[in-house]
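Colleague: I would like to go through this model feature by feature. Please give the rule for each feature, then the case.

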Amino acid sequence: MTERAQRAERALRLGTRRSKLAMAQSGHVAEAVRQLTGRPVELVEITTYGDTSRENLAQIGGTGVFVTALRDALLAGEVDFAVHSLKDLPTTQPDDLVLAAIPRREDPRDVLVARDGLRFEQLPAGSRVGTGSPRRMAQLNAYARAHGMEIECVAIRGNVDTRIGYVRNGELDAVVLAAAGLNRIGRSEEVTDFLSVDTVLPAPGQGALAIECTAANTDLAAALAELDDPYTRAAVTAERSLLAALEAGCSAPVGALADPLADGQVVHEMRLRGVVGTTDGSALVQLSTTGPVPTSHGDAVALGRELASEMLAKGAAGLMGERAL
């Protein structure tokens with residue numbers, strides 16, 4: 001049997017974080033890759049620094065803490081490809097690794113899970129709302145200020161069960177989570193309110209997955225590319241370009257969303273919205289730009305950079321605290 005034939009028979013090893021959510025989303029990708037390649041796929045569980053650290057994500061930098069161990073395993077040949085939540089990826093891509101596919105994005109919105117089935121605007125004065133995200137805090141506090149609400153944002157960490165548990169045991173009135181995560185683990189019925197992107201812009205890349213392999217593994221990269229969704233790739237590239245141009249890490253209070261604008265069935269333009277704010281919500285810079293749907297990586301990057309430069313001109317840098325180096 002030739003070496004190529006042996007490789008074709010061997011199970012592909014998919015590197016994934018151990019969390020319930022990571023395992024669920026990696027499981028979906030594994031099934032798609034099995035159908036695509038006809039090869040078995042086995043999940044290889046890898047513990048990352050972000051999984052074991054008890055520190056607040058904003059304090060440990062956010063950028064790369066859920067990613068580095070997976071990338072190390074790829075480069076060491078311990079796994080063949082890895083699945084990441086795209087919003088966890090640093091904005092600079094290593095030369096020896098390639099984002100082979102960015103599948104079609106799940107719902108990018110943030111959601112509320114609140115006691116008594118409450119929607120966000122129904123929360124009584126003094127309600128405690130849990131989130132570990134400075135981006136969410138900035139926008140929730142800004143909305144509350146603008147609408148005469150009194151809420152207290154409480155920094156929390158932990159998996160979905162832990163976070164929702166704070167509401168169930170009465171410690172918090174509500175928590176904010178990503179819609180995509182709850183959808184992927186089959187718990188969307190616990191959502192009490194979908195937060196409009198006009199109220200809270202999601203994190204750059206939220207709801208999207210990244211499938212990564214080594215640049216040297218060209219056969220696998222070509223096979224995985226079949227799972228790529230060009231509209232999602234263009235959108236998240238523009239969002240991440242905005243984040244990079246603001247010189248901000250993924251724990252900075254930056255929200256961004258690019259969405260295709262359709263005329264009937266034909267998508268002809270893409271709107272990119274961005275927001276930066278202080279976590280107390282007292283100051284926000286929120287802008288948008290619309291242009292043709294990017295047809296190349298360079299076009300998508302340019303769209304993000306253009307909006308970032310407008311935001312910086314409006315004072316965005318001063319609202320982010322320490323900027324990531």
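Colleague: What percentage of the 325 residues of the protein chain count as buried?

Modeller: This is a predicted model, in which local features need pLDDT of at least 70, side-chain atom pairs count only at pLDDT 80 or more, and totals for chains, interfaces and linings use all residues. Residues are numbered from 1 along each chain as its sequence is written, and side-chain values use heavy atoms, with hydrogens and water left out. Buried means under 20% relative accessible area, exposed over 50%, and partly exposed in between, with a 1.4 Å probe and protein chains only. Of the 325 residues, 52% count as buried.

Colleague: How many helices and strands does the protein chain have?

Modeller: Helices (H or I, at least four residues) and strands (E, at least two) are DSSP runs, numbered from the N terminus. The protein chain has 10 helices and 13 strands.

Colleague: What share of the contacts joins residues at least 24 apart?

Modeller: Contact means heavy atoms within 4.5 Å. Taking contacts between residues at least 6 apart in sequence, 71% join residues at least 24 apart.

Colleague: Where is leucine 97, and is leucine 97 buried or exposed?

Modeller: Leucine 97 belongs to strand β4, residues 97–101. Its relative accessible area is 4%, so leucine 97 is buried. Not counting residues up to four places away in sequence, leucine 97 touches Arg71, Leu74, Leu75, Glu212, Cys213, Thr214 and Ala215.

Colleague: Where does valine 200 lie, and which residues is valine 200 in contact with?

Modeller: Valine 200 lies in the loop between β9 (193–194) and β10 (209–214). Valine 200 is buried, because its relative accessible area is 0%. Leaving aside neighbours within four places in sequence, its contacts are Asp110, Arg135, Gln139, Leu140 and Leu195. Valine 200 and alanine 138 are 62 residues apart in sequence, and their C-alpha atoms are 9.0 Å apart.

Colleague: How many aromatic pairs are there?

Modeller: Rings of Phe, Tyr and Trp (its six-membered ring) pair if their centres lie within 6.5 Å; planes under 30 degrees apart count as stacked, over 60 as edge-to-face and the rest as tilted. By this rule there is 1 aromatic pair. The ring centres of phenylalanine 120 and tyrosine 143 are 5.5 Å apart and the planes are at 50°, so the pair is tilted. Phenylalanine 120 is in the loop between β5 (110–114) and β6 (127–130) and tyrosine 143 is in helix α5 (residues 134–146), so the pair ties together parts that are 23 residues apart in sequence. Phenylalanine 120 counts as buried, at 1% relative accessibility.

Colleague: What is the phi of aspartate 116?

Modeller: Most residues other than glycine have a negative phi. Aspartate 116 has a positive phi of about 60° although it is not a glycine. Aspartate 116 sits in the loop between β5 and β6, and aspartate 116 is exposed because its relative accessible area is 65%.

Colleague: Which residues does glycine 117 touch, not counting residues up to four places away in sequence?

Modeller: Glycine 117 touches Gln122 and Thr192 on that count. Glycine 117 lies in the loop between β5 and β6 and is partly exposed, with a relative accessible area of 47%. The C-alpha atoms of glycine 117 and aspartate 193 are separated by 8.2 Å, and these residues are 76 apart along the chain.

Colleague: At what angle do the axes of helix α9 and helix α10 cross?

Modeller: Two packed helices are described by the angle between their axes and the distance between the axes. Axes are lines fitted to C-alpha atoms, for helices over the stretch in contact, and angles run from 0 to 180 degrees between N-to-C directions. The axes of α9 (residues 230–245) and α10 (residues 297–313) come within 7 Å and cross at roughly 40°. Angles under 35 degrees count as roughly parallel, over 145 as roughly antiparallel, 65 to 115 as roughly perpendicular and the rest as oblique. Helices α9 and α10 are therefore oblique to each other. Residues of α9 that meet α10 include Ala234, Thr237 and Ala238, and those on the α10 side include His297, Ala300 and Val301.
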